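Please open the structure in your viewer and keep the selection tool at hand. Each stop below names what to select and then describes what is there.

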Amino acid sequence: QVQLVESGGGLVQPGGSLRLSCTASESIFSFGAMGWYRQAPGKQRDLVATISSTGRTTTADYAKDRFTISRDNVKRTVFLQMNTLKPEDTAVYYCNAVRLVGPSRVEYWGQGTQVTVSS
């Protein structure tokens, strides 16, 4: 069973930075893509950013100038560098990994890490 373990969340003041990490229990080469999603209270889970096995990235419009996704294949870890954080970035951030098994798409999720932006 694949495990994704997130870390790096916490309380930060507006304008501050955080770096989230997601470490997989197996090689991340086995995933077609990995990414970060977030869910604020009372809202749906939204895409933040993804990175493919070849390093191609996609980032939500609200995050393009502030958030950067990257990966370290040796450490089996995907990172989300978040700068210039705003109160509206407050949410639980979830790591996601997608694997294609034949015609099927299998997704894995981490347990989530809380990010709170407040003065």
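**First stop: a polar contact**

Select Asn96 and Glu107, whose side chains are joined by a polar contact of 2.8 Å. Please bear in mind that the model on the screen is predicted. Asn96 belongs to strand β9. Is Asn96 buried or exposed? Its relative accessibility is 3%, and Asn96 therefore counts as buried. Now display the surroundings of Asn96, leaving aside neighbours within four places in sequence: the residues in contact with Asn96 include Leu4, Met34, Tyr37 and Trp109.

**Second stop: an aromatic pair**

Keep Tyr37 and Trp109 on the screen. The structure has two aromatic pairs by the rule applied here. In one of them, the ring centres of Tyr37 and Trp109 are 5.1 Å apart and the planes stand at 65°, so this pair is edge-to-face. Which strands hold the two residues? Tyr37 lies in β4 and Trp109 in β10 (residues 104–109), so the pair ties together parts that are 72 residues apart in sequence. Tyr37 is buried, with a relative accessible area of 18%, because the limit for buried is under 20%. Trp109, with 36%, is partly exposed.

Select residues 77–82, which form strand β8. Five of the six residues of β8 are buried, so this strand is largely enclosed by the rest of the structure. Next, colour β3 and β7. β3 runs antiparallel to β8, and six bridges join the two; here Ser21 stands opposite Phe79. β7 and β8 are also antiparallel and joined by six bridges, with Ile69 opposite Leu80. Follow the chain from β7 to β8: the two strands form a hairpin with four residues between them, and Arg76 in the turn has a positive phi of about 55°.

Return to Phe79 and select Arg19 with it. The charged end of Arg19 sits over the ring of Phe79, 3.9 Å from its centre.

Now select Thr77, also in β8. Thr77 is buried, with a relative accessible area of 5%. What does its side chain reach? The side chain of Thr77 reaches the backbone oxygen of Lys75 at 2.8 Å. Apart from neighbours within four places in sequence, the contacts of Thr77 include Ser21, Cys22, Ile28 and Asp72.

In soluble globular proteins, nonpolar side chains tend to be buried together. Select Leu4, Met34, Trp36, Leu80, Met82 and Tyr93: of the 28 residues in the largest nonpolar core, these touch the most other members. Several strands each supply at least two residues of this core, among them β3, β4, β7, β8 and β9. Centre the view on Met82. Leaving aside neighbours within four places in sequence, Met82 is in contact with residues including Leu18, Leu20, Phe67, Tyr93 and Val115.

**Last stop: an exposed residue**

Finally, select Leu100, which is found in strand β9 (residues 91–101). Is Leu100 buried or exposed? Leu100 is exposed, with a relative accessible area of 64%. To end the tour, select Val115 as well: the C-alpha atoms of Leu100 and Val115 are separated by 30 Å, although the two residues are 15 residues apart along the chain.

Key:
Residues are numbered from 1 along each chain as its sequence is written. This is a predicted model: local features need pLDDT of at least 70, side-chain atom pairs count only at pLDDT 80 or more; totals for chains, interfaces and linings use all residues. Side-chain values use heavy atoms; hydrogens and water are left out. Buried means under 20% relative accessible area, exposed over 50%, partly exposed in between (1.4 Å probe, protein chains only). A polar contact is a pair of N or O atoms within 3.5 Å; within protein, one must be able to donate a hydrogen and the other to accept it, and residues adjacent in sequence count only if both atoms are side-chain atoms. Contact means heavy atoms within 4.5 Å. A nonpolar core is a set of buried Ala, Val, Leu, Ile, Met, Phe, Trp, Tyr and Cys residues joined through side-chain atoms within 4.5 Å. Rings of Phe, Tyr and Trp (its six-membered ring) pair if their centres lie within 6.5 Å; planes under 30 degrees apart count as stacked, over 60 as edge-to-face and the rest as tilted. A charge sits over a ring if NZ of Lys or CZ of Arg is within 6 Å of the ring centre and within 35 degrees of the ring normal. Two strands pair if DSSP finds at least two bridges between them.
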